[in-house]
Amino acid sequence: MDNAIKMLHNLSFSKILFILFILGIFSSLSLQPFNLLFLLFICLPGFIKICDIFLYNQSKITKYFLIKIFLLGWSFGFGYFLLSLYWVNISYLNDIEKYYLFIIPSIILLPGFIAIFYGLITLSLILFYPKNITRVFIFSISWTLIEYLRSLITGFPWAQIGHSLIPINLFLQITSIFGELFLTTITILIFSFPLIYYLEEN
């Protein structure tokens, strides 16, 4: 794992964005109907460690730096929503002769637009991003707040990362108490904390 992190330091920014895009795609497989939850144990810590590389090694905040930080989250989000919103286009297939012109734009533009909110997640981290394990909590809180903002602005609350826990009855009971968005907070903590903690203790 240490070798993988060192390798990331040597990659071009475009290659790092592509890795985040792939991590986003694999993260979406945690949702129904795939339910491959175990992938989040790699994808979410990977997302955080890539953010670490940029947020830990920047002493001066410039316009170019802000764009790069935004693109980290956007690339992950674009991959995530590109696959997780596949069902949107299925509705067009019922009358493909009438709606075929909408298929390609919706495949690309809708995920690209919603991914803007994931760009805001990483961008918000520049406000406070401690160099210790507590940053996982900051990451989870920021993610949850941005998901709330997405739901509020777009009226499109679907495909939240926390929805991956819906099939587990225990977490549904927690949702009835703390609300749906709390699932996102829990998801980030459950799947990010163990590996991040292990890497920093060894």
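Q: Where does Asn35 sit?
A: Asn35 is in the loop between α2 and α3. Keep in mind that this is a predicted model.

Q: What's its phi, for Asn35?
A: Phi of Asn35 is positive, about 60°, even though Asn35 is not a glycine.

Q: And how accessible is Asn35?
A: Asn35 is partly exposed, with a relative accessible area of 34%.

Q: OK, which residues does the cis peptide bond join?
A: Gln32 and Pro33, with omega at about 10°. Pro33 is also found in the loop between α2 and α3.

Q: Back to positive phi. Where is Ala159?
A: Ala159 lies in the loop between α7 and α8. Its phi is positive at about 65°, and Ala159 is not a glycine either.

Q: Is Ala159 buried or exposed?
A: Buried: the relative accessible area of Ala159 is 9%, and the cut-off for buried is under 20%.

Q: Which residues of α2 are buried?
A: Phe13, Ile16, Leu17, Leu20, Phe21, Leu23, Gly24, Ser27 and Ser28. Down the axis of α2, these buried residues fall within an arc of 165°, so they line one face of the helix.

Q: Why would that spacing work?
A: An α-helix has 3.6 residues a turn, so residues three or four places apart point the same way.

Q: What's on the face of α2 turned away from its buried side?
A: That face carries the exposed residues Ser14 and Phe18.

Technical notes: Residues are numbered from 1 along each chain as its sequence is written. This is a predicted model: local features need pLDDT of at least 70, side-chain atom pairs count only at pLDDT 80 or more; totals for chains, interfaces and linings use all residues. Side-chain values use heavy atoms; hydrogens and water are left out. Buried means under 20% relative accessible area, exposed over 50%, partly exposed in between (1.4 Å probe, protein chains only). Helices (H or I, at least four residues) and strands (E, at least two) are DSSP runs, numbered from the N terminus. The arc is that of the directions from the helix axis to the C-beta atoms.
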